[in-house]
Amino acid sequence: MHGLELTHTWVGYLCLSIFIIGYYFIAAEEKFHMNKAKPALLVGTLMFMIIGIYFTINGLDPDPLHDEMEKLILEIAEIFFFLFVAMTYIETLIERHVFDVLKYKLTSKGYSYKKLFWITGTIAFFLSPVADNLTTALILSTVLFTIDKTNNQFLVPGAINIVVAANAGGAWSPFGDITTLMAWTAGKGEFVDFLFLFPPSIIGWLLTAWLLSRVVPEGEPYFDASLPKMELKPGAKVVIWLGVFTIFFAVMGHQFFHFPAMWGMMFGLALLKIYSYLHKRKNSNDKFNVFVNMKHIENDTLLFFFGILSAVGALHFLGFLEYIVKLYDIIGPTAGNIGVGIISAIVDNVPVMSAILKANPEMGIDQWLLVTLTAGIGGSLISFGSAAGVGVMGRLRGIYTFGAHMRYAWTIMLGYIVSLVVWYIQFEIFGLY
């Protein structure tokens with residue numbers, strides 16, 4: 001850190017005010033009908049520009065600011081390109097009719113809305129520990145949308161269920177969420193230690209899912225039996241396996257070869273492009289163009305990530321995130337770690353977890369597992385409190401919104417509380433550690 005105290009200067013107060021105002025416009029997307037990427041991008045870039053002006057006016061050494069922004073650019077690039085590749089694969093799977101076929105199979109079997117709600121949620125919970133919560137949420141929300149594009153009474157609770165399930169599933173696997181991966185690589189627990197978070201994760205999600213299922217409408221999605229059976233386009237199965245390999249290589253490459261996960265994702269994108277070239281040479285009449293699929297990517301989601309991570313990075317540089325760590329000195333590790341989940345939903349779990357790991361408070365493995373759990377599932381409390389939530393907001397634009405999510409936030413809070421109770425029983429009553 002640069003060693004300057006900037007929280008109580010005019011630049012600190014001004015940037016904090018800008019962040020709060022920008023956060024309001026992000027949260028009130030439905031009210032102002034302004035895409036959340038616009039205020040996020042403005043706030044994120046403006047805050048650092050103001051900090052730069054402050055450094056110039058006061059004749060301060062700009063190197064610390066430059067170094068901080070370089071680190072931030074690297075962090076944003078890793079997330080940006082990871083998302084970019086994941087979205088490209090999803091758009092390619094859509095173009096190859098993969099989700100249309102899945103929709104056909106689900107609807108043709110006569111599954112009710114409630115059964116489809118539970119099927120998509122269950123898949124999300126058990127897929128995210130392997131595929132990561134963001135990719136899982138993007139895939140399952142796409143499936144949800146292809147089932148019924150107009151029934152918001154089904155789509156909204158279904159989308160919330162997928163976000164909560166993906167985040168809960170990612171909390172008990174070092175591969176499932178970036179915060180879990182951070183804690184694991186920092187040596188706060190062995191691989192098997194994180195598996196003890198499975199009970200609180202699944203029980204908390206099941207409670208939230210059960211409460212949400214009560215508002216899912218009765219009946220079934222409309223299915224026209226006269227429609228021809230949907231078939232996969234040529235090469236669809238190859239694309240599916242390339243996608244699986246890409247995620248596997250990204251995770252394993254990060255773990256064993258120590259390169260960023262996005263590097264493995266970009267390698268997978270290269271494989272997809274080469275395959276599309278070979279496929280077109282063999283099937284000249286089949287229009288399979290990855291570059292065309294890229295046109296359908298939700299760029300506003302990517303820009304939102306850029307803006308919000310920049311804004312949080314500015315708050316970190318100014319020193320505001322250090323106050324989070326001071327919670328431990330005031331209220332103790334258990335209450336502090338529970339509070340981290342709430343703060344993670346409002347700010348962002350990655351810099352919050354980073355700040356805690358850097359401060360490295362004296363805690364046992366039970367408390368490190370608790371903060372891993374709360375940072376993972378706490379992001380579900382607000383629609384854009386996690387990467388999974390932001391991804392689904394982009395996929396179900398205008399349907400799954402901040403306001404729609406907050407109407408059912410009480411169900412998520414109850415699940416959050418139950419997860420904490422299960423953790424307490426495991427570690428404080430039965431004394432697993």
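On the surface of the structure, Asp61, Asp63, Asp67 and Glu70 gather in a patch of negative charge, a patch being made of residues with over 30% relative accessible area and no salt bridge, with like charges joined within 9 Å. The model is a predicted one, in which local features need pLDDT of at least 70 and side-chain atom pairs count only at pLDDT 80 or more, whereas totals for chains, interfaces and linings use all residues. Residues are numbered from 1 along each chain as its sequence is written, and side-chain values use heavy atoms, with hydrogens and water left out.

Accessible areas come from the Shrake-Rupley method with a 1.4 Å probe, and for residues only the protein chains shown count as cover. Residues are termed buried under 20% relative accessible area, exposed over 50%, and partly exposed in between. A positive surface patch is formed by Lys105, Lys109, Lys229 and Lys237. Of these residues, Lys237 is found in helix α12, which spans residues 236–257, and is exposed, its relative accessible area being 59%.

Five salt bridges are present in the structure, the criterion being a side-chain nitrogen of Lys or Arg within 4 Å of a carboxyl oxygen of Asp or Glu. Glu95 forms a salt bridge with Arg96, in which the closest N and O atoms are 2.7 Å apart, and both Glu95 and Arg96 are buried. Glu95 also forms a salt bridge with Lys233, where the closest N and O atoms are 3.2 Å apart. Because Lys233 lies in the loop between α11 (198–213) and α12, and Glu95 in helix α4 (residues 63–95), this pair ties together parts that are 138 residues apart in sequence. The accessibilities of the two partners are 26% for Lys233, which is partly exposed, and 17% for Glu95, which is buried. Together with Asp286, the residues Glu95, Arg96 and Lys233 are linked in a network of salt bridges.

A further salt bridge joins the side chains of Asp300 and Arg397, at 3.0 Å from N to O. This pair links distant parts of the chain, with Asp300 in helix α15 (residues 299–318) and Arg397 in the loop between α21 (387–395) and α22 (402–406), 97 residues apart. Asp300 counts as buried at 13% relative accessibility, whereas Arg397, at 46%, counts as partly exposed.

A search of the whole structure for aromatic pairs finds 24, where rings of Phe, Tyr and Trp (its six-membered ring) pair if their centres lie within 6.5 Å, and planes under 30 degrees apart count as stacked, over 60 as edge-to-face and the rest as tilted. The rings of Phe117 and Trp118 have centres 5.7 Å apart and planes at 90 degrees, so this pair is edge-to-face. Phe117 is buried, with a relative accessible area of 0%, while Trp118 counts as partly exposed at 29% relative accessibility. For Phe125 and Trp205, the ring centres are 5.4 Å apart and the planes lie at 15 degrees, so the pair is stacked. Phe125 lies in helix α6 (residues 113–131) and Trp205 in helix α11, so that the contact ties together parts 80 residues apart in sequence. Phe125 is buried at 0% relative accessibility, and Trp205 is buried with a relative accessible area of 3%.

Helix α9 (residues 178–185) is mostly covered, six of its eight residues being buried. The buried residues of α9 are Thr179, Thr180, Leu181, Met182, Ala183 and Trp184, and the helix is followed by Gly187, whose phi is positive, near 75 degrees. Elsewhere, Val350 is found in helix α19 (residues 349–359) and counts as buried at 14% relative accessibility. Val350 and Phe259 are 91 residues apart in sequence, and their C-alpha atoms are 18 Å apart in space.

Definitions and conventions
Patches are made of residues with over 30% relative accessible area and no salt bridge: like charges are joined within 9 Å, nonpolar side chains (Val, Leu, Ile, Met, Phe, Trp, Tyr) within 5 Å. Lys and Arg count as positive and Asp and Glu as negative; His and the chain ends are not counted. The place of a charge is taken as NZ of Lys, CZ of Arg, CG of Asp or CD of Glu. Helices (H or I, at least four residues) and strands (E, at least two) are DSSP runs, numbered from the N terminus. Buried means under 20% relative accessible area, exposed over 50%, partly exposed in between (1.4 Å probe, protein chains only).
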